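Me: I would like to learn how to read a structure feature by feature. Please give me the general idea each time, then the case at hand.

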Amino acid sequence: MTTHLLTGARPLGGEPTDVLLADGVVAAIGADARRAGAHVVDADGLVLLPGLVDLHTHLREPGREDAETVESGTRAAALGGFTAVHAMANTTPTQDTAGVVEQVWRLGRDAGWCDVHPVGAVTVGLAGDRLAELSAMARSAAAVRVFSDDGKCVHDPVVMRRALEYVKAFDGVVAQHAQEPRLTEGAQMHEGVVSAELGLTGWPAVAEEAVIARDVLLAEHVGSRLHVLHLSTAGSVEIVRWAKARGIDVTAEVTPHHLMLTDELVRGYDPRFKVNPPLRTAEDVEAVRQGLADGTIDTVGTDHAPHPREDKDCEWAAAAFGMTGLETALSVVQAAMVDTGRMTWADVARVMSTAPARIGRLTGQGRPIAVGEPANLTLVDPAARRVVVPEQQATLSVNSPFAGQELPGKVVATFLRGRATVLDGALVPAGGHA
Ligand SMILES: [Zn+2]
């Protein structure tokens with residue numbers, strides 16, 4: 001395996017130093033890192049982060065290989081600085097058996113761009129009534145720890161209670177897509193001033209907040225772990241803050257797009273801005289930024305949701321919900337949180353690597369940058385600027401809400417257990433590294 005010497009890298013944005021990657025681990029940092037024979041990566045001025053970990057990726061395989069495959073999605077992940085992603089369960093067939101999660105896990109391992117951890121469905125076929133074979137998925141080769149019906153809400157309180165009880169046996173977590181179905185029937189966007197003006201059916205904040213409030217109380221009642229996916233309203237942040245202060249074992253996620261975009265964008269009826277949960281108001285954006293900065297929100301999850309053109313290039317009402325995100329997530333977090341002075345790069349490492357790895361119970365990911373630790377690392381150039389061109393991305397889909405927009409920061413290199421998956425901002429083919 002190639003030995004890499006990163007010269008002048010700034011771990012977590014700190015003082016520049018040299019970092020040697022050898023035999024899959026961080027072999028040396030500082031003066032004794034300079035060794036003959038190593039491939040030198042000029043990291044002058046670049047920020048070195050632990051490899052990013054996404055708890056919320058839709059890879060679409062099996063079933064919708066026209067939107068994304070494990071291969072294409074993990075290429076996108078590597079280019080975005082990720083060394084591990086959790087693949088959501090809403091595939092066809094659903095990831096609700098040991099057989100399907102093992103299939104996705106194997107596809108990820110064979111592709112080799114980053115670790116793929118399949119998420120197991122909570123209920124059979126995401127139908128919301130019968131629990132899937134959670135323990136068989138947990139005991140499978142895929143070693144599933146995160147369970148979610150994402151895309152759908154586990155809305156039956158008895159089913160949710162049983163799931164929370166069940167996952168305790170293997171230290172799992174239920175990741176809830178909080179959306180009260182009756183309150184969001186036919187909903188097309190956030191319910192508020194803009195939806196009223198446009199005459200579109202609105203999606204009230206309370207439809208999200210009511211489920212989160214119920215679930216934190218259920219998690220407390222059964223003494224289990226709950227992860228709230230993509231929370232998007234100021235009220236949701238308040239509920240999670242209250243729950244944490246009460247000692248409830250809850251973690252929460254926000255997406256890059258909810259840190260940046262508002263429902264004002266819907267006025268143009270461009271389906272790229274149609275997403276679930278919907279884009280909210282500027283006050284909500286401010287609240288989720290504050291919640292992420294103060295630790296109420298634990299993670300940034302991409303909710304990378306690729307869709308083929310025919311599902312997005314249509315009128316607003318008919319278009320699919322979802323946005324791509326793997327290749328822009330770090331830049332959006334830099335723009336929303338770092339360049340605004342709200343977070344440091346160490347904070348970014350916490351919300352995009354350490355915390356998601358801990359919630360997913362991953363070993364070897366989200367680790368400190370220290371000698372002997374697995375060399376899962378990302379080098380980012382915070383001074384770079386680039387215009388987002390979806391057609392040039394590795395994802396098979398082009399439904400990026402940031403298309404044509406200039407964003408700060410660029411992933412220069414990604415290392416997976418010491419092997420470069422990305423160098424000089426480009427993928428390194430599998431044959432190119434010993
Ligand atoms: Zn969701």
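Reply: Start with strand pairing: two strands pair if DSSP finds at least two bridges between them. Helices (H or I, at least four residues) and strands (E, at least two) are DSSP runs, numbered from the N terminus. This is a predicted model, where local features need pLDDT of at least 70, side-chain atom pairs count only at pLDDT 80 or more, and totals for chains, interfaces and linings use all residues. Residues are numbered from 1 along each chain as its sequence is written, and side-chain values use heavy atoms, with hydrogens and water left out.

Me: Which residue in S5 is the bridge partner of Pro 11?

Reply: Leu 48 is the bridge partner of Pro 11. The strands concerned are S1 (residues 4-11) and S5, which pair in the parallel sense over 2 bridges. S5 also pairs with S16, this time antiparallel, through 4 bridges. There, Pro 50 stands opposite Leu 377.

Me: Which way do the residues of strand S5 point?

Reply: First the term: buried means under 20% relative accessible area, exposed over 50%, and partly exposed in between (1.4 Å probe, protein chains only). In S5 (residues 47-50), Val 47 and Leu 49 point one way. Leu 48 and Pro 50 point the other way, and all are buried.

Me: How is the chain divided into domains?

Reply: Domain bounds come from an automatic or database domain assignment. Here domain 1 is 4-47 + 372-427, and domain 2 is 51-359. Their C-alpha centres lie 26 Å apart. For the interface, contact means heavy atoms within 4.5 Å. By that test, 36 residues of domain 1 are in contact with 46 residues of domain 2.

Me: What is the strand order in the open sheet?

Reply: The order is S9-S10-S13-S14-S15, with parallel pairing of the 5 strands. S9 (146-147) and S15 (299-300) stand at the edges with a single partner strand each, so one side of each has no neighbour in the sheet. S9 pairs with S10 (residues 173-176) in the parallel sense over 2 bridges. Within that pair, Val 146 stands opposite Val 173 in S10.

Me: Which helix lies across S9, S10 and S13?

Reply: Angles need a convention: axes are lines fitted to C-alpha atoms, for helices over the stretch in contact, and angles run from 0 to 180 degrees between N-to-C directions. Helix H4 (residues 157-167) lies across S9, S10 and S13 (226-228). H4 runs at about 145 degrees to S10.

Me: Which residues coordinate the zinc ion?

Reply: Donors are N, O and S atoms within 2.8 Å of the metal (3.2 Å for Na, K and Ca); water is not among the atoms, so sites may look incomplete. The zinc ion is coordinated by Asp 150 (OD), His 177 (ND1) and His 230 (NE2), at 1.9 to 2.3 Å. The donor residues are spaced D-x26-H-x52-H in sequence.

Me: How many salt bridges does the structure hold?

Reply: Side chains of opposite charge can pair when their charged atoms come close. The cut-off is a side-chain nitrogen of Lys or Arg within 4 Å of a carboxyl oxygen of Asp or Glu. The structure holds 25 salt bridges. In one of them, Arg 75 pairs with Glu 71, the closest N and O atoms being 3.0 Å apart. Both lie in helix H1 (residues 70-79), 4 residues apart, about one turn of the helix. Arg 75 is partly exposed at 32% relative accessibility, and Glu 71 is partly exposed at 34%.
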